[in-house]
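Student: Hi! Could you walk me through this structure?
Tutor: Happy to, let's look together.

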Amino acid sequence: MAAGAFAPVDAEPPVFSPAFRRELETLFRWRRDVRRFETTAVPERVVAQVIRAAASAPSVGLSEPWRFVRVGSRAARAAVAANFEEMNALALAAQPSDRRALYARLKLAGLREAPVQLAVFCDEAAPQGGGLGIATMPEMRRYSVVCAVMQMWLAARARDLGVGWISILDPHRVARDLAVPEGWSLVAYLCLGYPIEEHIDPELSRAGWQARQSLPDRVLHR
Ligand SMILES: Cc1cc2nc3c(=O)[nH]c(=O)nc-3n(C[C@H](O)[C@H](O)[C@H](O)COP(=O)(O)O)c2cc1C
């Protein structure tokens with residue numbers, strides 16, 4: 001049996017139907033960053049499925065540099081929550097005065113409620129892949145981990161599960177608090193759980209922080 005995240009089911013290339021493409025687009029539209037979670041437990045089977053989806057992502061040189069840490073202990077969660085509180089206080093203080101009150105009202109994490117928490121690291125020294133593709137752009141390892149996170153995000157939403165990505169953290173302190181091996185750098189701290197509400201638009205646009213911009217302005221032709 002071939003190694004990899006998914007067991008090989010069949011070798012026939014699939015043909016995706018228009019109906020599937022519409023559903024896929026619906027999945028893209030309804031994926032949200034979630035910060036308000038039910039406390040309902042997430043079945044372990046579902047957690048395993050979304051980690052497997054992440055681990056089927058593309059990676060530079062097939063290096064598969066993602067490392068997932070399940071953060072479940074009270075002590076580890078308290079350390080991450082304290083890290084967030086401190087970094088968020090600094091971020092609040094750094095806001096321009098006309099944005100500070102709005103920033104203070106934003107809910108930027110669901111660390112107290114989320115039933116599942118995952119720290120996703122990049123193993124910067126992973127020998128797998130033989131160094132292919134990283135000679136001039138070593139950051140490609142980390143980008144590969146981002147691909148994995150994105151796959152997890154979509155796989156989770158397809159199972160009615162919300163994901164919230166928290167970046168208002170001191171990443172070195174997270175690595176220390178979780179006692180991960182030397183050379184692992186934090187890419188994402190993720191909260192997973194069933195959302196208490198569903199929205200088609202981002203929370204930040206609903207809160208008046210930032211609206212989406214039109215796509216044509218982002219596509220250049222040369
Ligand atoms: C790399 C990355 C880091 C993020 N960090 C945070 C964060 O620290 N706190 C937060 O509330 N949302 C965070 N988000 C979520 C974004 O705010 C969110 O993706 C954006 O507002 C668009 O909303 P949507 O994901 O619901 O479409 C992060 C998203 C990404 C991709």
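Tutor: We'll go through the sheet, then a helix pair, then the ligand.

Student: Anything to know before we start?
Tutor: This is a predicted model, where local features need pLDDT of at least 70, side-chain atom pairs count only at pLDDT 80 or more, and totals for chains, interfaces and linings use all residues. Residues are numbered from 1 along each chain as its sequence is written.

Student: OK, in what order do the four strands of the open sheet come?
Tutor: The order is β1-β2-β4-β3, with antiparallel pairing. Strands are DSSP runs of E, at least two residues, and helices are runs of H or I, at least four, numbered from the N terminus. Strands pair if DSSP finds at least two bridges between them.

Student: Which strands stand at the edges?
Tutor: β1 (66-70) and β3 (162-166); each has a single partner strand, so one side of each lacks a neighbour in the sheet.

Student: And over how many bridges do β1 and β2 pair?
Tutor: Five, with β2 covering residues 116-123. There, F68 stands opposite V120 in β2.

Student: Switching to helices: at what angle do α2 and α5 cross?
Tutor: Roughly 140°, and the axes of α2 (residues 44-54) and α5 (residues 140-157) come within 7 Å. Axes are lines fitted to C-alpha atoms, for helices over the stretch in contact, and angles run from 0 to 180 degrees between N-to-C directions.

Student: Last topic: which residues are around the ligand?
Tutor: They include R32, D33, R35, W165 and P202. A residue counts as near if its C-beta atom, placed from the backbone, lies within 6 Å of the molecule.
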